[in-house]
Each structure stands twice: as C-alpha cells, then as structure tokens.
Amino acid sequence: MSESGGVTYRIEDLAHRSGATVRTIRAYQDRGLLPRPERRGRANVYADAHLARLRQIADLLDRGYTLASIKELLEAWDSGRGLGGVLGLVAEVDGPWSDEEAGRISRAELSERFGGSPDDAAVADALELGVLEPVPGHEDLFLVPSPQELTVAVELHEAGVPLSAIAGHLRELRGQVEHIASRFLEFTTEHVFARYLGEHPPNEADATEAASLVRRLRPLAQQTVDAELARAMRLFATRHLRLHLGADQPAPPEEETRSVAIPADTMRAVERLVGSDQAAAFVALAAEREVQARDLDQLAANHAHAHIVDEDP
C-alpha cells in the first residue's frame with residue numbers, strides 16, 4: 001500500500017493484472033503511452049492509474065487503432081479534450097448493424113433442422129463462412145450470429161438445394177455484397193464524412209456529430225439494397241417465368257437497346273464476378289448506378305449554388 005492509501009504494484013503484478021507482458025509495459029513507457037512509475041528507494045512502483053491506462057490501450061487496440069493513433073488520443077485525454085466523442089463514434093461504427101440477436105444451437109438441433117443431413121463437411125463450411133461460430137469448451141454447441149441467415153439455409157435445403165450449393169452461393173453472394181458495402185462506404189465518406197477525417201483524430205464536437213450521422217445513415221445501405229433487390233428480383237423472375245412458359249405468353253414491351261464495344265479484359269473480369277449469363281445485366285446496372293450517382297451529385301451541386309446565390313446581398 002502507498003502512504004496515501006492507494007494500491008501499488010510491482011511491474012510483474014501490473015502485468016498480471018492488466019494482461020500485458022512486462023516487455024510490453026516497458027515498451028509503452030518508452031513510447032510515451034504509459035507514465036513512468038514512481039521511484040521508491042530501489043524499486044519502481046505502479047498505481048491504479050497505470051492499470052487503467054493499460055486497459056484503455058488494450059481496448060483501443062481491439063478497436064483497430066494503431067499505437068501512434070492511441071498516443072494522440074491519450075494525449076487529447078490528458079490535455080482535457082476527452083475521449084468521449086471519439087469513443088462514441090467508434091461505438092457507433094463497431095456496434096451492431098442489425099436488430100437481429102445472436103442465438104445458440106446444439107449439433108443435435110442443427111441436425112434436426114436440416115433433416116438429419118448436416119455432415120462434418122457442411123458444418124465446416126458453416127464455420128468457415130461464420131454462419132456458425134464455435135463456443136469454447138463446448139464441442140457440440142454453436143453460436144448463430146444471424147438466426148435469420150440460418151433459417152434461409154434451412155428453407156433452401158427443404159426446397160431441395162444441396163448444402164454444398166448453399167455454401168457456394170453464399171460465398172459468391174458475400175463477395176458481391178461486400179463490393180456494394182465498400183462502394184456505399186466510399187460514397188458516404190466522400191460526400192458526408194470527409195470533413196471529419198484528417199491526419200489527427202477529430203475533436204470532441206466533430207466526433208459526436210459524426211457519430212450522430214453514422215446512427216442516421218446506418219440503415220440507409222440496407223434499405224437501398226432491399227429496394228433494389230426487390231426490383232431486380234421482380235424483373236429477372238418475370239423474365240425467367242416468361243422464358244419457361246413459352247412464346248404463347250404475351251411478351252413484355254422490349255426496351256430499346258444499343259450495342260457498345262467493351263474491352264475483352266473488362267468483360268472477362270465481369271464474367272468472373274457474376275457469371276457470363278449475368279454479365280450484360282451487371283454492366284447495364286453498373287452504368288445506370290453511375291448515371292444516377294452523377295444526377296445526385298448534380299442536384300446537390302445545384303442546391304449548393306442556389307444557396308450561395310440566395311446569401312449574396
């Protein structure tokens with residue numbers, strides 16, 4: 001105990017309590033992330049403040065921050081600017097992007113839901129894809145991050161789709177969805193969040209404002225994808241049905257089309273991404289999305305210009 005009544009630690013005790021190694025603690029001190037210990041006689045003494053700082057560093061590392069960024073954040077904290085806004089922003093981004101709650105399922109329940117057919121290969125696929133996650137210490141129990149996704153797999157399997165085909169389809173779909181997510185992030189970063197990004201962490205007010213924007217815009221990606229998926233499913237399902245019903249069905253009005261030259265390497269890349277039978281539709285939809293994006297940018301630019309003109313004396 002210290003003279004003031006506070007708990008003190010040797011470096012070995014601090015390492016044990018914090019989960020960091022002695023070597024890591026000394027490295028943090030050398031980099032200015034951790035205050036130097038108090039010297040008492042021939043011993044170095046650490047306090048609860050050192051333990052709290054080590055836990056802050058570990059939390060920020062878990063959130064994806066580099067040590068250089070953590071140093072800036074902690075310096076901001078020490079100078080009185082606070083970490084509340086920044087950590088609030090991190091919490092909004094790191095938090096759940098769905099209202100769905102994870103569940104658990106035993107291997108026996110899993111087998112029952114799939115009619116007794118899930119084998120080790122199917123379970124391995126599900127674990128690889130993250131549809132299931134292992135529960136440490138329980139070989140026959142799994143965490144289900146998205147019960148809805150598992151239910152879709154059950155329904156498809158009951159409809160006659162092999163489990164291996166479901167896994168392959170999910171892999172393909174995931175790549176396409178991740179591309180959409182990446183594009184949406186680039187779009188919102190360019191037009192909304194660019195002003196909050198820089199060489200240094202945002203201040204408290206900017207971080208709080210950015211967190212509020214994340215909270216407002218977070219549902220928009222899913223809402224947009226839901227609407228566009230419904231539109232595309234209706235379009236392609238209708239075409240598919242008419243194709244298989246035969247020529248005696250009334251044909252839909254054909255849209256005017258034009259042929260354009262696209263480099264062969266580009267088309268091969270598109271075909272690898274979506275398959276040769278969907279390549280033309282992909283190119284058309286990509287071009288349509290680009291046109292819509294430019295129209296949106298033009299509308300925003302016109303609004304900004306009108307706003308400036310209105311403010312002129």
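## Salt bridges

The side chains of Arg183 and Glu186 meet in a salt bridge, with an N to O distance of 2.8 Å. Both residues belong to helix 9, where they sit 3 residues apart, about one turn of the helix. Arg183 is partly exposed, at 33% relative accessibility, and Glu186 is partly exposed too, at 43%. This pair, like everything else in this report, comes from a predicted model.

In total, the structure holds 9 salt bridges. Side chains of opposite charge can pair when their charged atoms come close. Another of the pairs is Asp125 with Arg171, whose closest N and O atoms are 3.1 Å apart. That pair links distant parts of the chain: Asp125 lies in helix 7 (residues 120-129) and Arg171 in helix 9, 46 residues apart. Asp125 has a relative accessible area of 22% and counts as partly exposed; Arg171, at 35%, is also partly exposed.

Glu38 forms a salt bridge with Arg40, the closest N and O atoms being 3.2 Å apart. Glu38 is partly exposed at 44% relative accessibility, and Arg40 is partly exposed at 31%. Salt bridges also link Arg107, Asp120 and Asp140 in a network.

## Nonpolar cores

The largest nonpolar core has 17 residues, and of these Leu14 and Ile25 touch the most other members. Two or more residues come from each of helix 1 (11-18), helix 2 (22-30), helix 3 (48-62) and helix 4 (67-78). Helix 3 gives the most to this core, with 4 residues.

Which residues does Ile25 touch, not counting residues up to four places away in sequence? They are Ile11, Leu14, Ala15, Ser18, Ala20, Leu34, Tyr46 and Leu54. A second, separate core is made of 16 residues, including Ile105, Val123, Ala126 and Val144.

## Nonpolar surface patch

Ile180, Val225, Leu229 and Met233 make a nonpolar surface patch of about 350 Å². Helix 10 (residues 204-245) supplies the largest share of the patch, 3 residues. Ile180 lies in helix 9 (residues 163-193), the helix that also holds Arg183 and Glu186.

## Confidence

The mean pLDDT of the chain is 80, and 80% of its residues reach 70 or more. Among the elements of the chain, the highest mean pLDDT, 94, belongs to helix 8 (residues 147-158), and the lowest, 65, to helix 5 (residues 84-94).

Over residues 1-5, pLDDT stays under 50. For this segment the model has 5 contacts beyond four places in sequence. Where pLDDT is low, the predicted coordinates should not be read in detail.

Note on methods. Residues are numbered from 1 along each chain as its sequence is written. Side-chain values use heavy atoms; hydrogens and water are left out. Patches are made of residues with over 30% relative accessible area and no salt bridge: like charges are joined within 9 Å, nonpolar side chains (Val, Leu, Ile, Met, Phe, Trp, Tyr) within 5 Å. Accessible areas come from the Shrake-Rupley method with a 1.4 Å probe; for residues, only the protein chains shown count as cover. A salt bridge is a side-chain nitrogen of Lys or Arg within 4 Å of a carboxyl oxygen of Asp or Glu. A nonpolar core is a set of buried Ala, Val, Leu, Ile, Met, Phe, Trp, Tyr and Cys residues joined through side-chain atoms within 4.5 Å. Buried means under 20% relative accessible area, exposed over 50%, partly exposed in between (1.4 Å probe, protein chains only). Contact means heavy atoms within 4.5 Å. pLDDT is the predictor's confidence in each residue, from 0 to 100.
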